Structure formats: structure tokens, C-alpha cells
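Biologist: I'm new to this one. Could you walk me through how to read its features?

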Amino acid sequence: MNNNIKRLTILFMQIVFVYYLYGQTVSRQDSILGLYATSMHNLGLKSLSNNQLQEALEYTKKAVDLRLELLGEKNKDYIISLHNLAVCYAGLCKYEDALNTELKVCNLIDVSGLHNDTINALASRLLGNHYYNMGNIEEAIKVGKEACKINKLIFGDKHFEYANSLNLLGNYYATKGLLTEAIKIENEALSIHSINKYDFGIATSHMHIGTIYSNQEQYSLAIKHLEKSANIYESYLDKGYYYMNIASLINCYNGIGNYSRAIIIGESRYKKTKW
């Protein structure tokens, strides 16, 4: 009888030990996969910052899949990776994918009760931009207004992130043809960016305002702003905004009949950038 009890006790201890080892193995595997997911997430961010968008998309997709499997869809890290995936889609002009992904982010923020101010602010802002890229200007304005409220509440009315939201909203209004409102919004953004000495924001505001004036054929006013934005954009490695700015500037000088100045700008920029 005693021997049977001993054997049962030993068997029970062996079973417990096996389950313990299994638990330890699973725990280690999850830990390794978690670190791998974090690495994929960080590589995605690095590729995004280098404008390597397809590479960023591939890394971020892996991070999203792994974090969903390990952490669940209500986890903060999963939602952050999902938000970055929307940014990748938008950068690659896959606007429908970007919109659907960002909508899922916003829904998960609501459902999970996630109180991360930065995620909430950026998601709300980018959601409006996704609607804009899809051509739904009415919805972009609606969401853009809400994004401005959220960013103002979270960051304050003198923060550059709030001003970034204003830049987007001003662009939506301009596209809609509401030019007076657009200029007012962009001037507010310019004032905030100037306080923060945020050069890229200052340039963006000037270019938006200059473009609005140019579209109204108020070329002299447009030139005043576009010259300022061009001088800032010229120092950035990514020349996309700079090229658009110079094209608008040349168009404005042609518009006022100053063809020699238009030629000088075109030639000087060509020599500097070889574009």
C-alpha cells in the first residue's frame, strides 16, 4: 500500500515537473517572439524614417501579426504597430488599405479603453488625411476638425502637433474651395510653428498659403510665401516638397510677367539640385 502511494506520488511529481518545463519553454518562446516582434517594429520605424516604404511595410506587417498572436488586439503595442502599418500604406499610396487600417486603430482605441494621448492624437489626424487621399473631402473636413480638437486638448494650443493638425485641415478647406477659411487656419498654424521655431511646419504653412494665393492668381502675395518656404525646403534631403514649391514659384513669376526671374530661379535650382 505504502509502495503504491510512493509510486503515485513520484508519478504525480514527474507530471508536475513536465508541465513546469513545458510552461518554462512556452514562456521562453513567447519572450523570444516578443523580442522578435519588437525588432520588426523598430526596423519598420527605421525604414519609415529613411523613406524606405516597401521595406517598412514588410517589417511592420510582421510586427502586427506577431503582436496580435502574442498580445491580442486590445494591447497597446499591437495598436501602435497597426497605426504604423496605416502610415506605411498611406506612404505607398494604398489609401483604401490605410483608411481601413486607421479606422480599425480608432475602433480598438475606443473598445480597449486605451488612454494613450499620442496614439489618439496621431490616429485622429491621420484618419482625416486618409479620407482626403481617398477623395472624400467632406469626411476629411469633419474628421480634421475633430482631430484639431483632440490635438489641442492633448498637446495645448501652442504645440507644433496641434499646428500640424491645422495645416491638414487648412489644406482640406482649400481643396473644397473655402479659401478664406483655409488661409485663416494656415496663418494660425504658421504662428504656432513660428513660436516653436519648427522650420518644416513654417515651410509647410507658407507653401499652403502661397498655393492658395497662386490658385486665386494673387501671384505677388503667393511669391512672398513661396520664397520663404523654398528657402527652408532646400535644406532638406527629401526634395519632394521643394520641387513642388519651386514649380509653383516659377508659375507665379510667369503669372506676373517676370519671365527673367522665373528663368533665373529655374536655372539656379537646377544647378544646385540637378533635378
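Biologist: Is Glu-227 buried or exposed?

Modeller: Buried means under 20% relative accessible area, exposed over 50%, and partly exposed in between (1.4 Å probe, protein chains only). Glu-227 comes out at 16%, so it is buried. Keep in mind that this is a predicted model, where local features need pLDDT of at least 70, side-chain atom pairs count only at pLDDT 80 or more, and totals for chains, interfaces and linings use all residues. Residues are numbered from 1 along each chain as its sequence is written, and side-chain values use heavy atoms, with hydrogens and water left out.

Biologist: Which side chain meets Glu-227 in a salt bridge?

Modeller: A salt bridge is a side-chain nitrogen of Lys or Arg within 4 Å of a carboxyl oxygen of Asp or Glu. Here the partner is Arg-261, at 3.3 Å from N to O. Arg-261 sits in helix H12 (residues 259–273) and Glu-227 in helix H10 (residues 219–233), 34 residues apart. Helices are DSSP runs of H or I, at least four residues, numbered from the N terminus. Arg-261 is partly exposed, at 30%.

Biologist: How many salt bridges are there by this rule?

Modeller: Two. Glu-138 and Lys-176 form a salt bridge too, at 2.5 Å from N to O. Lys-176 is partly exposed, at 41%.

Biologist: What is Leu-169 in contact with, leaving aside its neighbours within four places in sequence?

Modeller: Contact means heavy atoms within 4.5 Å. For Leu-169 that gives Ile-141, Gly-144, Lys-145, Cys-148 and Ile-185.

How values were computed: Helices (H or I, at least four residues) and strands (E, at least two) are DSSP runs, numbered from the N terminus.
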